[in-house]
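The sequence and the structure are shown first, and the main points follow by topic.

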Amino acid sequence: MKKLIFTVAILFILVCSYVVINFFFFDTWAIHSSEHQLNQSIQHHDTKQLHKIAKDKKTYQFLKTIKKADFENTTDNQGGGPIGYYRLDINKKPAGLTINIKYNFLPEKTTIKSIKLYQ
């Protein structure tokens, strides 16, 4: 009986820890996942995907010319519901990133909806 209570207590602590960590680090995970997705498109020279996510011609040209995207100075999610909006710097240029988010218990990879450079 002690073994069962101990096992249930450990599982409860693990589940609670996961929920707390997911709550506090969700934005970090969303940004990391989006950065990885963008870098995959850049490295594979997937111009069709870059053209699809770029909001305008200037952004598309910028994404085509860089070798790797580095996201810096990110804000927390400014959107709501299944759409996430983040202001950030991509290679030291201010930009807006819009992503699709699925709010499941287990976080999934986000998908980039659009990117727009500002200036």
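With a relative accessibility of 67%, Lys92 counts as exposed, because the cut-off for that class is over 50%. The model is a predicted one.

**Charged pairs**

- The model holds three salt bridges.
- Glu72 and Lys92 join their side chains in a salt bridge, with 4.0 Å from N to O. This pair links distant parts of the chain, since Glu72 belongs to strand 1 and Lys92 to the loop between strand 2 and strand 3, 20 residues apart. Glu72 is partly exposed, at a relative accessible area of 31%.
- Lys116 and Asp56 form a salt bridge in which the closest N and O atoms are 3.0 Å apart. Lys116 is in strand 4 and Asp56 is in the loop between helix 2 and helix 3, so the pair ties together parts 60 residues apart in sequence. Both are partly exposed, Lys116 at 30% relative accessibility and Asp56 at 26%.
- Lys68 and Asp70 meet through their side chains in a salt bridge of 3.6 Å, N to O. Lys68 is partly exposed with a relative accessible area of 47%, and Asp70 is partly exposed with 31%.
- Glu35, in helix 1 (residues 2–43), is buried and has no salt bridge. The nearest side chain of opposite charge is that of Lys68, 5.5 Å away, which is beyond the 4 Å cut-off for a salt bridge. Beyond its neighbours within four places in sequence, Glu35 contacts Ala69, Asp70 and Phe71.

- Four strands form an open sheet in the order 1-2-3-4, with antiparallel pairing. Strand 1 (71–72) and strand 4 (111–117) are at the edges with a single partner strand each, so one side of each has no neighbour in the sheet.
- Strand 2 pairs with strand 3 in the antiparallel sense over eight bridges, and Leu88 stands opposite Ala95 of strand 3. Two residues lie between the strands of this hairpin, where Asn91 takes a positive phi near 50°.
- Strand 3 (residues 93–100) pairs with strand 4 in the antiparallel sense over six bridges. Asn100 has Thr111 of strand 4 as its bridge partner, and Ile99 stands opposite Ile112.
- Gly84 is located in strand 2 and is buried, at 0% relative accessibility. Not counting residues up to four places away in sequence, Gly84 touches Asn77, Leu97, Thr98, Ile99 and Ile101.

**Helices against the sheet**

- Helix 1 lies across strand 1, strand 2 (83–90), strand 3 and strand 4, at about 80° to strand 4.
- Helix 3 (residues 57–65) also packs on the sheet, where it touches strand 2, strand 3 and strand 4, and its direction makes about 105° with that of strand 4.

**The nonpolar core**

- The largest nonpolar core has 24 residues, and those touching the most other members are Leu38, Leu63, Phe71, Leu88, Ile90, Leu97 and Ile115.
- At least two core residues come from each of helix 1, helix 2 (47–53), helix 3, strand 2, strand 3 and strand 4. Helix 1 gives the most, with five residues.
- Leaving out residues up to four places away in sequence, Leu38 touches Leu50, Ile53, Leu63, Ala69, Phe71, Ile112 and Ile115.
- In soluble globular proteins, nonpolar side chains tend to be buried together.

Technical notes
Residues are numbered from 1 along each chain as its sequence is written. This is a predicted model: local features need pLDDT of at least 70, side-chain atom pairs count only at pLDDT 80 or more; totals for chains, interfaces and linings use all residues. Side-chain values use heavy atoms; hydrogens and water are left out. Buried means under 20% relative accessible area, exposed over 50%, partly exposed in between (1.4 Å probe, protein chains only). Lys and Arg count as positive and Asp and Glu as negative; His and the chain ends are not counted. Contact means heavy atoms within 4.5 Å. Two strands pair if DSSP finds at least two bridges between them. Axes are lines fitted to C-alpha atoms, for helices over the stretch in contact, and angles run from 0 to 180 degrees between N-to-C directions. A nonpolar core is a set of buried Ala, Val, Leu, Ile, Met, Phe, Trp, Tyr and Cys residues joined through side-chain atoms within 4.5 Å.
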